[in-house]
Amino acid sequence: MSEHLDAVDARILDLIQHDAGLSVAEIAERVGLSSSPCWRRIKRLEDEGVIQRRVTILDREKLGLDFEVYCTVKLSLPTKDNLDTFEQSVKRWPEVVQCATVTGSSDYELRIVTRDMHTFDEFLRDKVLSLSLVSNIESRIVIRTVKNSTAVPLGLVSPYVSTRT
């Protein structure tokens with residue numbers, strides 16, 4: 001797709017990945033189009049799957065969800081059925097905000113958000129360990145977040161987008 005990303009598409013993507021609340025009229029004005037052609041470009045980018053969805057990012061701390069943990073999870077026996085069972089379970093757990101299959105000595109890396117350490121402990125006991133699939137969990141509590149971005153580095157695929165700081 002990046003080879004088909006012209007300057008206008010790249011600027012549209014850059015704008016909406018940093019502020020999905022912009023109206024089509026605002027985006028159109030910033031990229032030098034009228035609203036209809038701008039809307040058609042956004043629609044095409046959605047239809048092609050480049051734009052997956054638009055979301056609102058909430059302030060976890062203001063909601064009392066400021067306990068964040070990264071966990072590596074090793075399954076006892078990483079068979080296809082066990083991997084599928086674990087992954088389907090993870091998708092149902094709202095505390096897990098990210099999950100990735102990783103290389104190395106673990107099978108998964110989870111990013112978990114809860115209210116506090118006690119809620120995290122309940123999550124581990126009642127959900128993760130109750131599956132009886134896990135042989136090892138290593139948890140790292142986040143002390144301070146240095147960077148947290150949902151934006152992808154468009155400058156790596158398009159010369160039309162400058163690097164934001």
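Arg44 and Asp9 pair through their side chains in a salt bridge, with 2.7 Å from N to O. Arg44 sits in helix α3 (residues 35–47) and Asp9 in helix α1 (residues 7–18), so the contact ties together parts that are 35 residues apart in sequence. The model is predicted.

Asp9 is buried, at a relative accessible area of 1%, under the 20% cut-off. Arg44 is partly exposed, with 29% relative accessibility.

Over the whole structure, the search finds 13 salt bridges. Side chains of opposite charge can pair when their charged atoms come close.

## A strand-to-loop bridge

Lys74 forms a salt bridge with Asp107. The closest N and O atoms are 4.0 Å apart. The salt-bridge criterion is within 4 Å. This pair links distant parts of the chain, 33 residues apart. Lys74 lies in strand β1 (residues 67–75). Asp107 lies in the loop between β2 (96–101) and β3 (108–114).

Which side of this pair is buried, and which is partly exposed? Asp107 is buried, with a relative accessible area of 13%. Lys74 counts as partly exposed, at 27% relative accessibility.

Lys80 and Asp84 form a salt bridge, their closest N and O atoms being 2.7 Å apart. Both residues lie in helix α4 (residues 80–92). They are four residues apart, about one turn of the helix.

Lys80 is exposed, with a relative accessible area of 60%. That value is over the 50% cut-off. Asp84 is partly exposed, at 33%.

## A positive phi at Ser132

Most residues other than glycine have a negative phi. What is the phi of Ser132? The angle is positive, about 60°, although Ser132 is not a glycine.

Ser132 is placed in the loop between α5 (117–128) and β4 (134–141). The residue is exposed, with a relative accessible area of 63%.

Terms used
Residues numbered from 1 in each chain as written. Predicted model: local features only at pLDDT ≥ 70, side-chain atom pairs only at ≥ 80, totals over all residues. Heavy atoms only, no water. Helix = DSSP H or I, 4+ residues; strand = E, 2+ residues; numbered from the N terminus. Buried < 20%, exposed > 50% of the residue type's maximum accessible area, 1.4 Å probe, protein only.
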